[in-house]
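Open the model in your viewer and keep the selection tool at hand. The tour goes from one selection to the next.

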Amino acid sequence: MQDNYQQKTLGILGGGQLGRMVIQSAINYNIDIHILDPDANAPCKTICQQFTHGKLTDFDTVYAFGQQCDVITIEIESVNTEALEKLEQEGKKVFPQASIIRLIQDKRAQKQFYKENNIPTADFILTDNKDAVKANADFLPAVNKLGRDGYDGRGVQILRNVADLELAFEAPSLLEKLIDFETEISVIVSRNEKGEMSCFPPVECSFHPTANLVEFLFAPAQISSDIANKALEVAEDIIVKLGMVGILAVEMFVTKEGEILVNEIAPRPHNSGHHTIEANYTSQFEQHLRSVMGMPLGKTGLRGPAAMVNLLGEDGYIGDALVEGMDEAMKEKGIYIHLYGKKTTKPFRKMGHVTILEESVEALKAKAMKIKEIIKIKA
């Protein structure tokens with residue numbers, strides 16, 4: 001018997017750009033989306049069927065919101081997992097499951113999970129405070145990561161030498177060996193309740209030198225087929241060992257020796273999958289929808305080479321967002337602009353992205369650099 005997806009309401013905790021792009025996919029299937037977000041003017045507000053203004057970390061708010069939905073998912077990890085567990089106990093479908101969100105909320109627990117499950121990752125030491133980091137000076141060069149509440153480059157410090165130890169966090173954190181990697185890649189894998197799985201082809205990420213955010217993304221990643229297959233196997237291994245339903249982004253380092261090391265995972269649509277809207281047969285947002293709603297998973301192959309440029313707020317500008325260079329960019333072939341509906345800009349805030357389709361990776365890289373120089377978000 002065919003499931004009637006249209007009669008199910010999907011609740012999303014978080015109303016930012018990820019939720020907005022899930023809604024854009026859900027419209028095609030007549031699926032009602034309810035949104036909970038602490039920002040009264042969140043990007044999802046005007047395009048969802050029901051918007052609730054409230055805190056994602058408040059038990060009563062999340063619990064009351066979830067009671068109105070058939071399926072509950074997230075677009076941000078910072079949510080109240082106790083409320084989600086209670087909803088699960090009462091028969092609501094919560095994907096990713098509350099226990100998995102709790103695990104991923106804590107980078108220390110995440111790293112221990114890798115170690116216990118033989119998932120390749122950089123060596124690390126758990127530290128409780130700055131003194132504990134200083135006591136492990138011989139472990140440098142290393143990356144000091146806050147256990148909780150770090151995101152988009154915040155809560156991460158690179159400690160290359162003893163002089164850098166003053167930058168260490170005065171909080172539970174982890175010290176992770178600094179990897180001299182060849183490239184950084186990401187694989188997005190999805191899994192539904194039946195256990196069916198599907199991976200998107202690996203992509204290559206290029207990071208902003210100071211903001212620690214993805215600046216460019218290229219698909220397919222310029223890696224050997226052996227390394228690509230290894231990356232896909234690692235991503236599938238993680239989602240199976242988690243027992244997770246939904247979509248999981250797995251960020252990995254490829255070392256100079258051709259090893260794969262898992263950096264971090266995110267149990268939701270991810271910045272490294274934005275290009276899939278135009279570049280793949282199924283987008284990551286539709287795949288997320290399909291996986292949590294019990295639908296058949298879509299085909300994930302690339303239609304052709306693609307790049308993604310993140311549109312970040314320009315440094316030095318805070319206020320009402322002004323987008324420069326749109327008309328010029330729109331005249332180019334294979335350019336797809338996505339603005340996220342954020343009214344105010346600030347330095348390095350994610351304000352949108354551009355997907356670029358081209359015949360070759362070389363042409364892509366040239367056009368990606370050109371677009372980055374053309375479109376500027378100021379105030």
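Select Glu251 to begin; this residue sits in strand β14, which covers residues 246-255. The model is a predicted one. Now show what touches Glu251, setting aside neighbours within four places in sequence. The contacts include Glu184, Ile185, Ser186 and Phe207. Also among them are Leu261, Val262, Asn263, Glu264 and His270.

Zoom out to the whole chain. The protein chain has eleven helices and 22 strands. Its C-alpha trace spans about 60 × 55 × 45 Å along the principal axes. Buried residues account for 55% of the 379. Of the contacts between residues at least 6 apart in sequence, 62% join residues at least 24 apart.

Colour by surface and charge next. The accessible surface is about 16,600 Å², and 47% of it belongs to carbon and sulfur atoms. There are 41 positive and 53 negative charges, with mean positions 2 Å apart.

Move on to the charged pairs. Side chains of opposite charge can pair when their charged atoms come close. The structure holds 21 salt bridges.

Select Lys134 and Glu166. Their closest N and O atoms are 2.9 Å apart, in a salt bridge. This pair links distant parts of the chain, 32 residues apart. Lys134 is in helix α6 (residues 130-134), while Glu166 is in the loop between β8 (156-159) and β9 (173-177). Lys134 is partly exposed, at 32% relative accessible area.

Go to helix α7, residues 225-242. Asp237 and Lys241 form a salt bridge here, with closest N and O atoms 3.0 Å apart. They are four residues apart in the helix, so about one helical turn separates them. Both ends are partly exposed: Asp237 has a relative accessible area of 27%, and Lys241 has 36%.

Pick Glu332 and Lys367. Their side chains meet in a salt bridge at 4.0 Å, N to O. Glu332 lies in the loop between α10 (326-330) and β19 (335-339), and Lys367 in helix α11 (residues 361-374), so the pair ties together parts 35 residues apart in sequence. Glu332 counts as partly exposed at 21% relative accessibility. Lys367, at 11%, is buried. Then select Lys111, Lys145, Glu176 and Glu264: salt bridges with shared partners join these four into one network.

Switch to the backbone. Where are the cis peptide bonds to look at? One joins Leu140 and Pro141, with omega about 0°. Pro141 is in the loop between α6 and β7 (142-146). Another joins Ala219 and Pro220, again with omega about 0°. Pro220 lies in the loop between β13 (214-219) and α7.

Finish with positive phi values outside glycine. Asn118 has phi near 55°. Asn118 is in the loop between α5 (107-116) and β6 (124-127), and is exposed at 68% relative accessible area. Phe348 has phi near 65°. Phe348 is in the loop between β20 (344-345) and β21 (350-357), and counts as partly exposed at 26%.

Methods. Residues are numbered from 1 along each chain as its sequence is written. This is a predicted model: local features need pLDDT of at least 70, side-chain atom pairs count only at pLDDT 80 or more; totals for chains, interfaces and linings use all residues. Side-chain values use heavy atoms; hydrogens and water are left out. Helices (H or I, at least four residues) and strands (E, at least two) are DSSP runs, numbered from the N terminus. Buried means under 20% relative accessible area, exposed over 50%, partly exposed in between (1.4 Å probe, protein chains only). Contact means heavy atoms within 4.5 Å. Accessible areas come from the Shrake-Rupley method with a 1.4 Å probe; for residues, only the protein chains shown count as cover. Lys and Arg count as positive and Asp and Glu as negative; His and the chain ends are not counted. The place of a charge is taken as NZ of Lys, CZ of Arg, CG of Asp or CD of Glu.
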